[in-house]
Amino acid sequence: MRGRRPASKGRGDLDRPSVARFLLLFVVNVIAGGFLLSLPWVQSGLVDPWTRLNASGTAAIARLVGIDAQAQATQVLYGPGSLEIVVGCNGVEALLILVAALLAFPAPWTLRVVGVAGGTVAILGVNLVRLVNLVVIARFAPSLLELFHVYIWQALIVIVAVALFLLWGNYVARAEPIAEPSRSG
Amino acid sequence: MRARNRSPSRPAAASGPGRPALPELGRAAAALGICLVLWPAWEWSGADEAYRRAVVGLAERIVLARQHFPLLSGFPRLAPPNADFVVLFALGLTAASIRVGWRRRLVLLLVALGVTSGLQTAAAVASINLESAQEMERTHRILVLLPTEFQLVNQAKLTLYHSQLAVLFALFLLTSPWLSELNIGRETRPGKRRRAILGAALGAAVLLGASIAWGRWRESDARHVAAHAKVGHLFWAKRDDGIAEEQYRIAAAGNTVDPEVYFNLAGISAQRGLFKDAARLLRRCAELGTDAAWQARVARAFDRIGAPRRPESP
């Protein structure tokens, strides 16, 4: 019979396997989710409606801030130009990463479902802000579009996903506490 | 006694994961700030273009070394999506994570950059394969990638691009004190490492087996066999008989129904003085090319090599 390992290891030694497990599951979830999202029926049934929702939401909010914008499928038409919302601009990858982390994290399924639902709404909201911002920039300062589109908003969307995950993680830790692990010695 | 129904991998609140999110937001803001400060220098110095060229150049080399059909000699037109912000943000993030030791930060940065450039290179390889496949189908009607393969490679490309953001996400967490403060999974189960190694080995074996099985299945697919035949014709027309023969042999091994393959192979065999082999190939050609034009061509070829149309009885 194999004996139980002593619990007297250093903190780092104990944490490493769990963090590694979380990261491994996270990577597996990202890969699996990425493949799932690329399937034709997921594209037509989920990603395309989501992208169209982004386009119509962006046009509606842009009109509220005084820009004459209209949505046409996945395009947002504004004054002289248009923005096409493609893969990478629809917030799906940020949502995928967030969901991959939520599912990889050790938590009860009910809290995971709550996290996924809340995360979906939050990412959609932030992505609408991002798209409206990009429409405003494309309309009034097109020379800054690349900076905002590629550098600022890509980083911000990752930060938002991390922030949502940390908030959810803190909530999980408070809602499902367990005792301080015993240490020998 | 510990409660048995508790998952060993549940987070522990006792060590205080619920710290204010403000320092983390400050770190994120600082990282973004550093990223934006670095950006003009990155562009001005030409590092962005150099980085992109390096990624595309490496991808090109990989494609050229591993291409199944010897069709590409270069792919200079590839313009991968601008993803160098991942590099800049990773730099900013590690610079801003002052609560983490510099050695750990350096290691994490190097790993993140290695993984990111690997992902970008792999995505560029996928892009080259997809774009060249589309071009070959458009210009020569050659199906370099079967529809399922095309879909798989396209899915892989999208996943690789998604994964770059996941690297930043993981780097953010790994440079955050938050993750280690959660103390997830404090209890380590006996044999866990062995099971993990076994699982990884099993996964690798399954992937390897699937890859071999896929390769075999592909070589027996009529559309793929036809592609080998068409590539052979391309090189035959260019008088590059070496590559043409190689492609024809693959097509013949896959039982192609293209009589031209057997006819040209017969010509190659005849040139080498292998008349029996040439006659055998011409007979196969005659079986497949049943129209009058083919029959006449085959008859003239038999006359040229001086072999009987019907195999001699032993």
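**View 1. Two domains of chain B.** In this predicted model, the centres of domain 1 of chain B and domain 2 of chain B, taken over C-alpha atoms, are separated by 45 Å. The domain assignment places domain 1 at residues 22-183 and domain 2 at residues 221-305.

**View 2. Where domain 1 of chain B touches domain 2 of chain B.** Eight residues of domain 1 of chain B are in contact with eight of domain 2 of chain B. On the domain 1 side, seven of the touching residues are nonpolar and one is polar. No charged residue takes part on that side.

**View 3. Helices α4 and α5 of chain B.** Two packed helices are described by the angle and the distance between their axes. Helix α4 of chain B spans residues 102-140, and helix α5 of chain B spans residues 147-174. Their axes come within 9 Å and cross at roughly 165°. α4(B) and α5(B) are therefore roughly antiparallel. The crossing of α4(B) past α5(B) is left-handed. Their contact has 17 nonpolar residues, seven polar and one charged.

**View 4. Confidence along chain A.** The mean pLDDT of chain A is 82, and 85% of its residues score at least 70. Helix α3 of chain A (residues 92-104) has the highest confidence, at 93. Helix α1 of chain A (residues 11-38) has the lowest, at a mean of 75.

View 5. Over residues 1-15 of chain A, pLDDT stays under 50. The model has 17 contacts beyond four places in sequence for this stretch. Residues 178-185 of chain A also have pLDDT below 50, with 16 contacts in the model beyond near neighbours in sequence. Where pLDDT is low, the predicted coordinates should not be read in detail.

Definitions and conventions:
Residues numbered from 1 in each chain as written. Chains lettered and ligands numbered in written order. Predicted model: local features only at pLDDT ≥ 70, side-chain atom pairs only at ≥ 80, totals over all residues. Axes fitted to C-alpha atoms, helices over the stretch in contact; angles between N-to-C directions. Helix = DSSP H or I, 4+ residues; strand = E, 2+ residues; numbered from the N terminus. Parallel < 35°, antiparallel > 145°, perpendicular 65-115°, else oblique. Left-handed = near helix turned anticlockwise from the far one by under 90°. Nonpolar A, V, L, I, M, F, W, Y, C, P; charged D, E, K, R; others polar. Domains from an automatic or database assignment. Contact = placed C-beta atoms within 7 Å. pLDDT = per-residue confidence, 0-100.
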